[in-house]
Amino acid sequence: MAADLSKYRNIGIFAHVDAGKTTTTERILKLTGKIHKIGEVHDGESTMDFMDQEAERGITIQSAATTCEWDGHRLNVIDTPGHVDFTIEVYRSLKVLDGGVGVFCGSGGVEPQSETNWRYANESEVSRIIFVNKLDRMGADFFRVVKQVEDVLGANPLVMVLPIGIEEDFIGCVDLLTRKAWIWDNEQDTTEFRLDEPPADMADKIEEYREMLVETALEQDDDLMEAYLEGEEPSIEDLKKCIRKGTLTMDFFPTYCGSAFKDKGVQMVLDAVVDYLPSPTEVKPQPEVDEEGNETGDYAIVSTDGPLRALAFKIMDDRFGALTFIRIYSGVLNKGDSVLNSFTGKTERVGRMVEMHADDRNELNSAQAGDIIAVVGMKDVQTGHTLCDPKHPTTLEPMVFPDPVISIAITPVDKASTEKMGIAIGKMIKEDPSFRVETDQESGETIIKGMGELHLDIKVDILKRTHGVEVTVGAPQVAYRETITKRIEDSYTHKKQSGGSGQFGKIEYIIEPGEPGTGFEFESTVTGGSVPREFWSAVEAGFKKMTDRGVLAGFPCLDFKVTLFDGAFHAVDSSAVAFELAAMAAYRQSMPTAGPQLMEPIMKVDVFTPEDHVGDVIGDLNRRRGMIKSQDATPTGVRISGEIPLSEMFGYIGTLRTMTSGRGQFGMEFLQYSPCPRNVAEEVIKDTKEREEAKKKK
């Protein structure tokens, strides 16, 4: 029997670090009857954060998916991390969600990371409601946060409730639609609330905000708007319909407030999820793509009747074995079915399927379109792979993951750790596509690469604790790149005569700088057959092979274009191999004369500091070759935005804490590659050469 998809809500909860996402998720589970004892994040006991590292650091590193019921609707809730190094988790969760709850801290407001997450959600076109949390905290101000949502995020918050009291006097909210006060004053059981008349002194404010709410909502329906302008009061049902319509098109975001920790206001958010966020059938269906990744024009329409279409969006390894989280877009999946992984071309049998509740699970026999479930023990599935009906193969639009910008070398301390490390790292790569690993051929060291210092820090921690692998860690290395600055015209002839048939290939070519972000481009303008067409791809392959090793310090070379315009060949001695070798030698010959230049990763950095330390922080960022872009005063301090080379940001958190007596915070994300100043470049090249020498001696 197919379930009613209109009663499904797949939602994510996302926000800045410490805005209270996980606590909010906990409360949702408690209110929907899933957990009876509530664990607190700050006691390291929350249900959703079940990794040791999460309990210890009080941050969510992995998205946990869980299912619960509210008001006859089935909610699949995904709790996402807020920390910038794990943005990839937010991004991949958004891919499979239909709606979201953006949580903001009542005193901290809109913080840098919430902006990044908000931008991702806009790009993924995910409808959201807003929950302003922690209104019982010192310095909390609901109206200020609403204004920040408008100014900083450029979004349109639709205020649905007004807080009654603030800071320690916060006792409840007034629902503007019904003009009723929801009051939580039972200290023993905070899930209980009573409906009452709102305080008399709030009457003017309630009417003012209700009028704004009604006018914004009715913009969604011309007939109702006309009636309203003629003095007809719209019914609450009609208003809700309009609010739902505007929320789905992201014209506005219904905004609520409360204190998740004190259990105030979460019920209203749950009602809003049911009332205003989309069901799986109301969002734009996932586009299907061909082998090259171009859209085919077909969509995975959410319905139980179509062929199976599902996306694996997360792999997790836990004490029960490997779990593959999948979102089913169409069709039905039964235990024992064989499914095709369109990426690898292999079919796998679905052994066990489970529905997750944070750290707990229910065994399932079947699941259907709209569901988010986990499959136990799949072999070759990775994040972003499509699982489909073998009779109707297709690929859903895959996820794009950023390249890592930082690497460190790790070495196992003993023989036993070496074997364990290989297995552990294999599992970790599957779990996190932004984490890459390679072995340095010469020194035999293992190099791990990631999105930032914290990212790699936690990976080393997981190796030690989850997998029991002790490693020594080298100094962090920045992922530099190389490029060229001059256009150069050159030719190269490869010939080798050694009994039997020889090798011959001559190429004439132009190497020139490309646009930033274009990588490597190749074009042939040869006419008249001086280099036959079948050898063009060999010339391209020869140059492409060499782009991994730049001529300055052996970093990958970016953003340049090679044009083959002439050459010569020999009827007997020419071959693809000869032309490929010619191109490789040509790269070595010409690149050093094309003005090679070192490029370094520049990070977009947001620093939050109390007002009395602004001078110190800015002075320090300038010393780190930072470009300060803006300074904004906020109620709790000053936010400084700048662009700073990654190499200067190592260990920054320690310096910042010392300068601001522990009150400063910062977030950073990769922005772009920019040319390295000469003195810095010389230093990097020298260090790299010394490292190479040292490896050879080993």
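**Entry 1, the model.** I worked on a predicted model, where local features need pLDDT of at least 70, side-chain atom pairs count only at pLDDT 80 or more, and totals for chains, interfaces and linings use all residues. Residues are numbered from 1 along each chain as its sequence is written, and side-chain values use heavy atoms, with hydrogens and water left out.

**Entry 2, the sheet.** I looked up an open sheet of four strands and found the order β7-β8-β9-β10 with antiparallel pairing. β7 (161-164) and β10 (194-196) are the edge strands; each has a single partner, so one side of each lacks a neighbour in the sheet. On average, neighbouring strands here are turned by 30° against each other, direction ignored. I took strands as DSSP runs of E with at least two residues, and helices as runs of H or I with at least four, numbered from the N terminus. Two strands pair if DSSP finds at least two bridges between them. Angles run from 0 to 180 degrees between N-to-C directions of axes fitted to C-alpha atoms, for helices over the stretch in contact.

β8 (residues 172-175) pairs with β9 (residues 180-183) over four bridges. I noted that aspartate 175 has lysine 180 in β9 as its bridge partner.

Helix α9 (residues 266-276) lies across β7, β8 and β9, at about 125° to β9.

I found arginine 9 in strand β1 (residues 8-15). Is arginine 9 buried or exposed? Its relative accessible area is 3%, so arginine 9 is buried (buried is under 20%, exposed over 50%, partly exposed in between, with a 1.4 Å probe and protein chains only). Its side chain reaches the backbone oxygen of valine 273 at 3.2 Å.

Technical notes
Contact means heavy atoms within 4.5 Å. A polar contact is a pair of N or O atoms within 3.5 Å; within protein, one must be able to donate a hydrogen and the other to accept it, and residues adjacent in sequence count only if both atoms are side-chain atoms.
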